[in-house]
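Colleague: I've got a structure here that I'd like to understand a bit at a time. Could you take one part and walk me through it slowly, then show me what else is worth a look?

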Amino acid sequence: MHDYTNYSHLGEGKKYFTVTFGCQMNEHDSEVLAGILESIGYSTALSPEEADLIVINTCAVRQKPEEKVAGLLGKLKTLKEQKKDLLIAVGGCMTQQAEAAAYVKKRFRHVDLVFGTHSLPRFPELLKQAGRKRGTIVDIEEYPDSREGLPARRAGRFHAWLPVIYGCDNFCSYCVVPYVRGRERSRSMEEVLGEARSLAEQGYLELTLLGQNVNSYGLDRANSYDFADLLTRLDRVKGLARIRFMTSHPKDLSARLIKAVSRGEKICEHFHLPVQSGSNFILENMNRQYTRERYLELLRAIREAVPGVAVTTDLIVGFPGETDRDFALTLELVEQARFDNAFIFIYSPRKGTRAAEMEDTLPRSVKEERLQQLAKVQSRISLEINQALEGSTVELLGEGASKSNPAMQTGRTRSNKLVHFPAAEELTGKLFTVEITEARTWNLFGKKV
Ligand code: SF4
């Protein structure tokens, strides 16, 4: 358990504002940062202008989020000139890399603290040092401080993120995550079950289990349980209605896991299973450790065992050495796999990864053309799959007013599809049934039954 009583004065009468880039794990890290700050007296600010402390939680998975951070830090310089006591802290995956941390310190001298993905337990002490205003404090050490028992200010009221494993040992050749999140460290079954029970007691209905690769849960611990066992135990936690998990790696997707999902009452029928490419040559160079044939086999096994399951994926186009033939194989796989949805990215070289050393001669225009072509095929398939749901009734968990039309409410199906429907009563955090009346490419419309 972390005791921050010695720091409780630090945030008295002060407000914090966080900006988060990247994945769900980063979103949860920001919830933990907020929990720590509130445990030492800070309260939330509604805007950067209102804040005494601004925390930026960065992402390093592609170039774009890093550029956005630089732009934001440029803008914050003016605010800092107006508010001398303002503290600015930059953390997360981007600054976990020594070169990026040094760059931020040198280029943005108005930043008071640069920290990494392993610094959360020490954040109050780092803030205390930064508050002394003796130059930028940098802490990107990989101390093995446990994150267990850290407070979290959760953004949701009925849905919660629940990390089960940190880090990644897969070293896909294009990916920076293993270098910034460290080696795989599974939380113990007791720690995860304990947190799940406490969340259920607090009224959370839906949990999303998080890990860069949840499928390898437990494999790094000297005991005999794995992710399938964890899902089966979580399925028995009273008060929960839905359990989701992300992200899965095909190489560790076992028949036991598919069975646990098919048998689980609360385990939602959705797999996010990144394939990345349809070419075995590219998969080899990506060090993905499976072939397109093996991937399609897994897809078949999932669909046979889990009725109504949705499968989504990630795809990279323009990986070094990708020929027209390789891309045609990816198009073909997407046609054959018929994913419910796919997140498609243009390859972004990450410093320090093996792929960044590979010759990358493909013109940007060709990469963009391939992205458009793939997105077009996937949109057609997503619409066809959604159209097949018209006339069916589905269970939703209410998520509140629709962002695009306040007269409508939104809910999510067990297969992770968003449905908009007219409703007078407040249905946030409630389970109910709707009939699907109209399909669109990325969402559905319905009426409450
Ligand atoms: S599985 Fe591969 S892509 Fe995913 S986080 Fe690990 S190294 Fe990166």
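Which residues are around the ligand?

Modeller: Keep in mind as we go that this is a predicted model. The residues around the ligand are Cys 168, Asn 170, Phe 171, Cys 172, Tyr 174, Cys 175, Val 177, Pro 178, Gln 212, His 249 and Arg 288.

Now for a couple of backbone details elsewhere in the chain. Start with Met 246 and Thr 247: the peptide bond joining them is cis, with omega at about 5°. If you want to find Thr 247 on the screen, go to the loop between strand S11 (242-246) and helix H8 (255-263). The other detail is at Asn 287, where phi is near 55°. That is a positive value in a residue other than glycine. Asn 287 also belongs to a loop, the one between helix H9 (280-285) and helix H10 (292-305).

Next, look at a pair of helices. The axes of helix H11 (residues 324-337) and helix H12 (residues 364-387) come within 10 Å and cross at roughly 15°. H11 and H12 are therefore roughly parallel to each other, and their crossing is right-handed. To see who touches whom, pick out Asp 324, Phe 327, Thr 330, Leu 331, Val 334 and Glu 335 on the H11 side. They meet Arg 370, Gln 373, Leu 374, Val 377, Gln 378, Arg 380 and Ile 381 in H12. The residues of this contact divide into 6 nonpolar, 3 polar and 4 charged.

On to the strands. There is an open sheet of 3 strands, in the order S12-S13-S14, with parallel pairing. At its edges sit strand S12 (270-272) and strand S14 (341-346), and each of them pairs on one side only. Ignoring direction, neighbouring strands of this sheet are turned by 15° against each other on average. S12 and strand S13 (residues 310-317) run parallel and are joined by 3 bridges. For a landmark, find Phe 271, which stands opposite Val 311 in S13. While you're looking at strands, here is a handy rule: in a regular strand the side chains alternate between the two faces of the sheet.

The last stop is a barrel. Here 5 strands close up in the order S15-S16-S17-S19-S18, and the pairing is mixed. From one strand to the next, the twist averages 55°. Strand S16 (residues 408-412) and strand S17 (residues 418-422) run antiparallel, with 5 bridges joining them, and Thr 410 stands opposite His 420 in S17. Moving on, S17 is joined by 2 bridges to strand S19 (residues 444-448), and these two run parallel. Look there for Val 419, which stands opposite Leu 444 in S19. Then S19 meets strand S18 (residues 431-439): 5 bridges join them, and they run antiparallel. In that pair Ile 436 stands opposite Gly 446 in S19, and a hairpin of 4 residues joins S18 to S19.

Methods: Residues are numbered from 1 along each chain as its sequence is written. This is a predicted model: local features need pLDDT of at least 70, side-chain atom pairs count only at pLDDT 80 or more; totals for chains, interfaces and linings use all residues. Side-chain values use heavy atoms; hydrogens and water are left out. A residue is near a molecule or strand if one of its heavy atoms lies within 4 Å of it. Axes are lines fitted to C-alpha atoms, for helices over the stretch in contact, and angles run from 0 to 180 degrees between N-to-C directions. Angles under 35 degrees count as roughly parallel, over 145 as roughly antiparallel, 65 to 115 as roughly perpendicular and the rest as oblique. A crossing is left-handed if the near helix is turned anticlockwise from the far one by less than a right angle, and right-handed if clockwise. Contact means heavy atoms within 4.5 Å. Ala, Val, Leu, Ile, Met, Phe, Trp, Tyr, Cys and Pro count as nonpolar, Asp, Glu, Lys and Arg as charged, and the others, Gly among them, as polar. Two strands pair if DSSP finds at least two bridges between them.
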